[in-house]
Amino acid sequence: MTAEQQISDRRWMSMALDLAAQSAAVGEVPVGAVLVNEDGVFMAGAHNAPIAEHDPSAHAEIRVLRAAARLAENYRLTGSTLYVTLEPCVMCVGAMLHARVSRVVYGAADPKAGAVESLYHLLDDSRFNHRIMAEGGLLAEQSAILLRDFFRVRRAQQKGKA
């Protein structure tokens, strides 16, 4: 990977982290995502919103894929790169495969629901007719801190209610 690509990856992941912080600020699990096209041009950004949207599928990745597909007027997002602060779950990996995302870059691993390397290794399954390159661990500590802080506050609030 070139130095230019590393700088670009950090830039987009930083934007995803900002979106994750916005998610936490409105009481949603702090996960943010950004999608850029094959030319490295921003297409869409989103954060988790299942509570606000009353939609269990309103993960940051799904919301960003929907927004980018509307913009592109095509559900195929070939050549795109998705940056997300937390390792994608099974649902989100499935959506990325159907959208033909070329690359996913994520921050923190998700030992409870991660479908790239932690719990499942879906992108390694040769039975799928599309391949997505995956890179984990970019700004992972910052992503993990957002999540830890969010859940620490939530647990404290729930303790106070008991």
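User: What makes β1 and β2 a hairpin, and which residue in the turn has a positive phi?

Analyst: In this predicted model, β1 and β2 form a hairpin with five residues between them, and G40 in the turn has a positive phi of about 80°. Strands pair if at least two bridges are found between them; five bridges join β1 (residues 32-36) to β2 (residues 42-47), and the two run antiparallel, so they count as paired.

User: Why is β1 called mostly covered?

Analyst: A residue is buried when its relative accessible area is under 20%, and five of the five residues of β1 are buried. Both faces are covered, with G32, V34 and V36 on one side and A33 and L35 on the other.

User: Why are α3 and α4 described as roughly parallel?

Analyst: Helix α3 (residues 60-72) and helix α4 (residues 90-99) pack at an angle of about 20°, with their axes 9 Å apart; angles under 35 degrees count as roughly parallel, and the helices are therefore given that description.

User: Which residues of α3 and α4 meet?

Analyst: E61, I62 and L65 in α3 meet M91, C92, A95, M96 and A99 in α4. The residues of this contact divide into seven nonpolar, no polar and one charged.

Note on methods:
Residues numbered from 1 in each chain as written. Predicted model: local features only at pLDDT ≥ 70, side-chain atom pairs only at ≥ 80, totals over all residues. Heavy atoms only, no water. Axes fitted to C-alpha atoms, helices over the stretch in contact; angles between N-to-C directions. Helix = DSSP H or I, 4+ residues; strand = E, 2+ residues; numbered from the N terminus. Parallel < 35°, antiparallel > 145°, perpendicular 65-115°, else oblique. Contact = heavy atoms within 4.5 Å. Nonpolar A, V, L, I, M, F, W, Y, C, P; charged D, E, K, R; others polar. Buried < 20%, exposed > 50% of the residue type's maximum accessible area, 1.4 Å probe, protein only.
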